[in-house]
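User: I would like to go through this model with you, one topic at a time. Could we begin with a turn between strands?

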Amino acid sequence: MTSLRLLATSIAITTAMSSATFAQTTLTMWYHGAGNEVESNIVNQIISDFNASQSDWVVEMQSFPQAAYNDSVVAGALAGNLPDILDVDGPVMPNWAWSGYMQPLQIDEAKIANYLPGTKGVWNDQLYSIGLWDAAISLVTRKSYLDELGLRVPTLEQPWTGDEFMDALAKAKASGKFDYALDLGTAWTGEWYPYAFSPFLQSFGGDIVDRSTYTTAEGVLNGDAAVEFGNWWQGLFNDGYAQATQDPADRDNGFNSGKYAFSWNGNWAALGTLDAYDDVLFLPAPDFGNGPKIGAASWQFGVSAASEHPEGASAFIEFALQDKYLAEFSNGIGLIPATASAAAMTENYKDGGPLAVFFDLSEAQALVRPVTPGYVVAAKVFEKALADIANGADVQDTLDSAVDEIDADIAKNNSYGF
Amino acid sequence: MASKFTRSNSTGWLMAGPAAVLMGLFIVLPFLFAIGLSFTNQRLISPNPTQFVGLSNYSQLLGIGLLTLEPERDDAGEILREEDGTVSYPALRGYTRNNPDYPQFDGMREWFSVSLGESRTYVLARDVVFAKAVVNTIIFVLVVAPVQGGLALVLALLINQKLRGINVFRAIYFMPVVVSIVVVSLLWRFIYDGQSGLLNNLLGALTFGAFPRIDWLGNPSTALGAIIAMSIWQAVGFHMVIWLSGLQTISPSLYEAAAIEGASKWQTFRYVTWPGLRNTAVLVLIVITMQAFALFAQIDVMTSGGPLDSTQTIVFQAVERGYGKQDISGGSTISVILFVFVLAISLLQRWLTREKK
Amino acid sequence: MAQLSADNHGLRLAVRYTVLGLIALIFVFPLVFMLMSSLKPDAQLLSDTRSLRAFLPVGDISLDNYFDAFRRAPVGLFIFNSVIVTGVTVALTLFICSAAAFAFVFIDWRGRDLVLTLILATLIVPFETIAIPLLLIASKLPWLGLDGLTYGWLNSYQVQIVPFIADGLTIFLFVQYFKDLPGELIEAARVEGASWWQVYRRVVMPLAGPVLATAAILKFLVMYNQYLWPLMVVQEERYRPVMVGLQYFFQLNRAWGEIMAYLSLITVPVLAFYLFLQRAFIASIASTGVKG
């Protein structure tokens, strides 16, 4: 009993002492990188640099595994327990901002003038979040495959047309060398579907919601362009070019072990592929009529609405916006640095670097996912519609009901403020 | 039993009280809260105020309509046919989308349809996915409850014999239960893989390649069956243990008596073992039924309800809506419907198996 | 004659063991797969899945995955947290629920049937459907701890324990079992002047070995596999349990070998607990049937 009291007293004294010696305010931060050693090390480095660079704030980080991060934030918000600084997946940001979880950033706009467009989280004309990196998708293949199949190498200026792309798949299938011509990554359920596949729809001329009003999906997700996209999508599976259900292990390892001729995959997987083959090509998305498109926006930093010290939180985020950190993230986990000057400092994205093409892809083809709080629901509906169509559901009916569900959700939420 | 020695209000409350209070606070109260939510438009996260919406969440889930369509005819009155020879009907979307003549069908979709003579009757549901989820869940329960309960009893009888090393087998049969269902589902995705899965390779080897490769989880006609098989495999040891603890309450003297009477094995089971397992049987059946109705983790890991909704289940839909689509009132409504449904079944079950006096 | 029956006996024994062994194979193979895979590098692990090699420790075998798993996540901490939370909950559950079941079966009190019906009805409520309201409640509850009276249970052990102490399934399990015990025994003890506590402690619980073991292992499994709830109420790593920890291994490019190593590691406590129970309760009770 005595020892317990003694312990309690000594704890109280230590706390009192520490708060007396440093007149600093603690800022809490949540990050999605638990389990990723390299990523955690870089974030920790930034935090300790920041803490050492000034005497007003001390940032303390709590990391979460990525797969559980969004649910943790929502639960934390419901329970009234959000940190000062949090990171947020780009397309989800409007939902959190609209719900009142986040507040606009107080950082100098000039600092981010040269950032890739996909890294800026703007909602309602205000900057809520900023990314140190972007991510991009390319059509991964090998030079030797293209030579063997007699295909030209598409370029940013002259990407493959839809027909050329289908011709490539047909030739790959006819060669008999591959289990499947195309690895779409259907094993990755969740955000991968809208992120990776909605750009195809946009290249056909459709979209997930009508971006001119953000109040309906009618006409864009079930119009002629969307139906054309749906038929094409269904054809990929009906004609045996791709798998509607894929083993996750095939997604991780299939292309690198020669099962697929082409792989639709992100830059984060590129380093592994470069290890596997010495003639890897990262090709731009094909153009289905309305320009080649890929998704944009990755994880970004923002300030929670619950923060009592938004100026401190913003100061930390502004501090993190240094080319050297951008370059470190890129070198560490293969992400695309947000600025050209940071890219020049990296091994992979500098001019002539093996992944430099992704920086160009991001600049040239990237289109952010619909910037609306309703995106979270629309993305789920879109995912299910694509999975159903891939499994043989009627294209028009499926898209119609997806539109109905999205529109009903928008109506239930008073148009999400639009 | 109603003697003054067994009657005590204060002791009864004292001993049952802690459990009752804890369950009231942590299960009953949140569930009452969920019932309340089902009558509102509450979102998981939203700046909009919560509004009372009456029964609209319920009618949205349970709304059903019937529509009979005549075949399409050409100018001469001949019935039009599709390329494959089937009769051609007007597109449903003409009736269910923006058609002011049929407001009652707006937003509905075909659940299933039957041909009656030339015309075709469509059963439309306002929420087809939920309708399919209900049917799948019922199928799951109807298959799993008897099969799993029966297999578990067989296993329990097998390992209730006195054999050297029987404890090793007990431990092994129980092993799948020890591993979390999430983990088991992950492992079985390798087994069910359509390309190089173990199951396909095994069947191929046994039939010298005659058995065609099946994408077990990717095919709407096999996906639910595959999940049922895995679920039975995973949890059968759980119920085996419950049966076993029931078996062990049966006095050996009864078996000795049966042996002296010269009873056959079947007679011993029928007249000694089975009557002694009555309370255990009720327990096993109810526990399996409850667990089967709550089917979620396997679906979440293995199929997410697909392909083509062939593995949608009630609880998966409740979670998908409540959390995934941030529609907490819709998710709550599903749980209330499930509750009422299962309650009705168990009351019926109780009435059917009531002890005849 | 004697010779023949001995042979016959040997043959029957062989058949029995063969049947038991074949069934054992069906139940054990995914676990062998998990264990063997945890010893292999990713590429080999994946290519082995298509043949019987998946079940054999062949090829490039090492413990690297285990070392890597410990480097990626505080595996020991997660297992410790889960064992603490699970162990405390199981102990409290066995006591609270058996006491409640005792009251339902052996004592006659006003409100008994109503309370029992309510408790059994809770069996129908899947946890997923009450998690959000429960979160709102738990985030406001008071707690008297070392730092005095605090509000809100987030980030603690108790938030992972207290809501799960009383559960309908365990009470039901005890109730069904107690019904099989001879009621005259209890009444006789009461007539002889034993207090209710003594009846519970000295008469009923000593007979409850099998059901205690069953309830303990079932509760252990449920608690050890908790995922959704700790995810919602625990933001600090130091309270995280094993199933949330599993997510550390699901990075975009999955390290399957490490996942298998982690899964093998976290299975050890459950298996150990089951084997302990099997020895402690089931085996000793096996021959002492209690039903008259």
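User: Which residue takes a positive phi in the hairpin of strand 5 of chain A and strand 6 of chain A?

Analyst: In that hairpin, which has 2 residues between the strands, A:Asn124 takes a positive phi near 55°. Strands here are DSSP runs of E with at least two residues, helices are runs of H or I with at least four residues, and both are numbered from the N terminus. Please note that this is a predicted model: local features need pLDDT of at least 70, side-chain atom pairs count only at pLDDT 80 or more, and totals for chains, interfaces and linings use all residues. Residues are numbered from 1 along each chain as its sequence is written, while chains are lettered from A and ligands numbered from 1 in the order in which they are written.

User: In what sense do strand 5 and strand 6 of chain A pair, and over how many bridges?

Analyst: Residues 120-123 (strand 5 of chain A) and residues 126-130 (strand 6 of chain A) pair in the antiparallel sense over 4 bridges; pairing requires that DSSP find at least two bridges between the strands. A:Gly121 stands opposite A:Ser129, which belongs to strand 6 of chain A.

User: Turning to chains A and B, how many residues does the contact take from each?

Analyst: Chain A and chain B give 27 residues each, where two residues are in contact if their C-beta atoms, placed from the backbone, lie within 7 Å. On the side of chain A, helix 3 (66-78), helix 15 (375-390) and helix 16 (395-412) each supply at least two residues. Helix 16 of chain A gives the most, with 6 residues.

User: And by class, how does the side of chain A that touches chain B divide?

Analyst: That side of chain A has 8 nonpolar, 10 polar and 9 charged residues. Nonpolar covers Ala, Val, Leu, Ile, Met, Phe, Trp, Tyr, Cys and Pro, charged covers Asp, Glu, Lys and Arg, and the others, Gly among them, count as polar.

User: What about the contact of chain B with chain C?

Analyst: The contact takes 77 residues from chain B and 81 residues from chain C. Several helices of chain B each supply at least two residues to it, including helix 5 (166-178) and helix 14 (328-352). Helix 1 of chain B gives the most, with 19 residues. The side of chain B that touches chain C divides into 55 nonpolar, 20 polar and 2 charged residues.

User: Which residues have the most contacts inside the largest nonpolar core?

Analyst: They are A:Leu182, B:Ala19, C:Ala100, C:Ala101, C:Phe102, C:Phe174 and C:Phe178, in a core of 329 residues. Such a core is a set of buried Ala, Val, Leu, Ile, Met, Phe, Trp, Tyr and Cys residues joined through C-beta atoms within 7 Å. A residue is buried if 20 or more other C-beta atoms, placed from the backbone, lie within 10 Å of its own. Helix 8 of chain B gives the most to this core, with 15 residues. Leaving aside neighbours within four places in sequence, C:Ala101 is in contact with C:Ile171, C:Phe174, C:Val175 and C:Phe178.

User: Is chain C compact or spread out?

Analyst: The secondary structure of chain C comes to 14 helices and 2 strands. Chain C is more spread out than a compact globule, because its radius of gyration is 24 Å, well over the 19 Å that the globule rule gives for 292 residues. The radius is taken over C-alpha atoms, and the rule is 2.2 Å times the number of residues to the power 0.38. Of the 292 residues of chain C, 49% count as buried.

Terms used: Buried ≥ 20, exposed ≤ 12 C-beta atoms within 10 Å, placed from the backbone.
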